[in-house]
Amino acid sequence: MMYLMFLLYFPEDKTEYIPAFAIMAIFVLAAVAVWRFIIKVSKKEEEKTKELEAKLKEQENKKSL
């Protein structure tokens, strides 16, 4: 457990946190952008699937008549 304590580093100069915060902000923004992109693509795929299901039901109804 004592070995883990040596891995922690808290700088005295707080300006060293600025690059870390900037990188974290970039990654968070990129994650949100990817998340929104996936939702957008998923909705388009859902619409295509609903259209395909409607066509298949329509064809099935024509065959049964």
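These legends describe close-up views of a predicted model.

**View 1. A salt bridge joins Glu46 and Lys50.** The side chains of these two residues meet with a nitrogen-to-oxygen distance of 3.7 Å. A salt bridge requires that distance to be within 4 Å, so the pair Glu46 and Lys50 qualifies. Both residues belong to helix 2, which covers residues 17-64. Glu46 and Lys50 are 4 residues apart, or about one turn of the helix. Glu46 is partly exposed, because its relative accessibility is 44%. Lys50 counts as exposed, because its relative accessibility is 52%.

**View 2. A salt bridge joins Glu58 and Lys62.** Here the distance from N to O is 3.8 Å. Glu58 and Lys62 are about one helical turn from each other, because they stand 4 residues apart in helix 2. Glu58 has a relative accessible area of 48% and is therefore partly exposed. Lys62, at 60% relative accessibility, is counted as exposed. By the rule used here, the count of salt bridges comes to 2.

**View 3. Nonpolar residues form a patch on the surface.** The members of this patch are Phe21, Met24, Val28, Val32, Trp35 and Ile39. Together they have about 610 Å² of accessible area. Ile39 is found in helix 2. With 34% relative accessibility, Ile39 counts as partly exposed. A patch residue needs over 30% relative accessible area, so Ile39 at 34% passes this cut-off.

How values were computed: Residues numbered from 1 in each chain as written. Predicted model: local features only at pLDDT ≥ 70, side-chain atom pairs only at ≥ 80, totals over all residues. Heavy atoms only, no water. Helix = DSSP H or I, 4+ residues; strand = E, 2+ residues; numbered from the N terminus. Buried < 20%, exposed > 50% of the residue type's maximum accessible area, 1.4 Å probe, protein only. Patch = residues over 30% accessible without salt bridge, like charges linked within 9 Å, V, L, I, M, F, W, Y side chains within 5 Å. Areas by Shrake-Rupley, 256 points an atom, 1.4 Å probe, with all protein chains shown as cover.
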